[in-house]
Amino acid sequence: MGLFSFLKGQFIEVIEWVEDTDSIVYRFPAYDNAIKMGAQLTVREGQAAIFLNEGTIADVFGPGRYELSTQNMPVLTALKAWKHAFNSPFKADVYFVNTTTITDQKWGTTNPIIMRDKEIGVIRARGFGNYSFRVTDPAVFMEGIFGAKQEFHPEQIGGFFKTMIVSGVSDLLAESSVSVIDLATQYDELSVQAAAKLQPNFSAIGLELTALVIENISLPAEVETMIDRRSSMNIAGNLDQYVKFQSAEAIRDAAQHGGDGLAGAGVGLGAGLAMGQLFSQSIAGAAQPGSEAEAKAAVQAAKEAKEAVPAEQEQGGGTAPTVPCGGCGHPLGEKDKFCSECGIARPERSFCPECGTAQRTGVKFCTSCGTKM
């Protein structure tokens, strides 16, 4: 390597950051190379350049084009004790800071937050969303967060921001006393309040929290199931109304599956009486609500109505009299083939064409209305 190439490699004449990266801070690769006095410094929009002397922040440059000299580097000039017109090369660490807004940063609860709801009680909730920030004071940010790294990316500070945001949002939810049922209507307002609450913490490290969004606050599955069931009943959440709703459903099922014939009629009658009792209690409940015991009693009444019907009727083996015995006149059941008193076979039945009354065989006139058979 010739002397000219050596000198060209040692003296930095142009200082700028043109790489397209997502880094917040970028260290210009000067390392041990000397910066030529009079070198050109280019700071683009959305950037700031910081000169460090032995780890101490010296001069900060905003967007623009500069020709480095002792006049526009007053702090570095004082630290190095340069004379007014000193123009020899010097050594310094140069960092570029990205001052544009860093967007779409995610936050969320790692573990459920235990909170007290004014309607449901103590619950566990999870939340997540996104936020945006930017560097407003590069010197403060360098001193408080960056240190002496080569580069600095958003994910390197994401965990710290996430903890800060979750803590602030949790505290805000507790102070707001908004029920979890109404939280969805308050996301925008809570997001603005949370950003204002957290801003002092960001300002302390040279940052601005430009936006914070609460996307969702979710509840455990069992709590969501309870809320869905409550809304499906279309009631205000009164325990008495809930019990009556359950009882009415049970009575309806009993009436629909009570059976056929007299048994079904008995069950239907009992269910109707029980339903009427519930309706009466509901009307009177405006002044004095019924109790769970009363609702259970109504269900029990429907069951007793079904049990009151003889078992043999429910099974279709009825003994209702249909025709008298031809020998002794003892009433015979619908399915009786012989008389249980005299043993005579059941006579053939005939019916009055006028009133429909069953008649013995051989009768010429109806025994009920006198119509000729």
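Predicted model: local features only at pLDDT ≥ 70, side-chain atom pairs only at ≥ 80, totals over all residues.

Mentor: Residues are numbered from 1 along each chain as its sequence is written, and side-chain values use heavy atoms, with hydrogens and water left out.

Of the 373 residues of the protein, 36% count as buried (buried is under 20% relative accessible area, exposed over 50%, and partly exposed in between, for a 1.4 Å probe and protein chains only). Among contacts (heavy atoms within 4.5 Å) between residues at least 6 apart in sequence, 58% join residues at least 24 apart.

With a relative accessible area of 0%, F161 is buried. In the largest nonpolar core, which has 43 residues, F161 and L212 touch the most other members; such a core is a set of buried Ala, Val, Leu, Ile, Met, Phe, Trp, Tyr and Cys residues joined through side-chain atoms within 4.5 Å. Two or more residues of this core come from each of β4 (47-53), β7 (93-98), β8 (102-108), β10, α3 (138-146), α4, α5 (187-203) and β12 (207-218). Helix α4 provides the largest share, eight residues. Another core lies apart from this one; it has 21 residues, among them L41, F51, A58 and L68.

Which residues does F161 contact, once neighbours within four places in sequence are left aside? They are Y131, F133, F202, I205 and L207. A further spatial relation concerns N201: it lies 40 residues from F161 in sequence, with the C-alpha atoms of the two 9.7 Å apart.

The aromatic arrangement comes next. A pair of aromatic rings is described by the distance of the centres and the angle of the planes. Nine aromatic pairs are counted, where rings of Phe, Tyr and Trp (its six-membered ring) pair if their centres lie within 6.5 Å, and planes under 30 degrees apart are stacked, over 60 edge-to-face and the rest tilted. The pair of F133 and F161 is edge-to-face, because the ring centres are 5.1 Å apart and the planes stand at 70°. This pair links distant parts of the chain, with F133 in strand β10 and F161 in helix α4, 28 residues apart. F133 has 1% relative accessibility and therefore counts as buried. F161 also pairs with F160; their ring centres are 5.9 Å apart and their planes are at 45°, so this pair is tilted. F160 itself has 45% relative accessibility and so counts as partly exposed, whereas F161 is buried. Ring pairs join Y131, F133, F160, F161 and F202 into a cluster.

L207, a contact of F161, is also in contact with Q199, as are E208 and L209, leaving aside the neighbours of Q199 within four places in sequence. Q199 belongs to helix α5 and is buried, at a relative accessible area of 19%.

A search of the whole structure finds one cavity of 30 Å³ or more, a cavity being a set of points on a 1 Å grid over the protein atoms alone where a 1.4 Å probe fits but cannot get out, with lining residues having an atom within 4 Å of a point. The largest cavity holds about 70 Å³ of space, a volume being the space filled by probe spheres set on points joined across faces, edges and corners. Strands β9 (113-117) and β10 (121-135) and helix α4 (155-176) each supply at least two residues of its lining. Helix α4 gives the most, four residues. Among the lining residues are W107, M115, R126, V166, V169, L173 and I217.

Key
1 Å grid on protein atoms, 1.4 Å probe; cavity = no way out; pocket = protein on both sides within 12 Å on 5 of 7 lines; lining within 4 Å.
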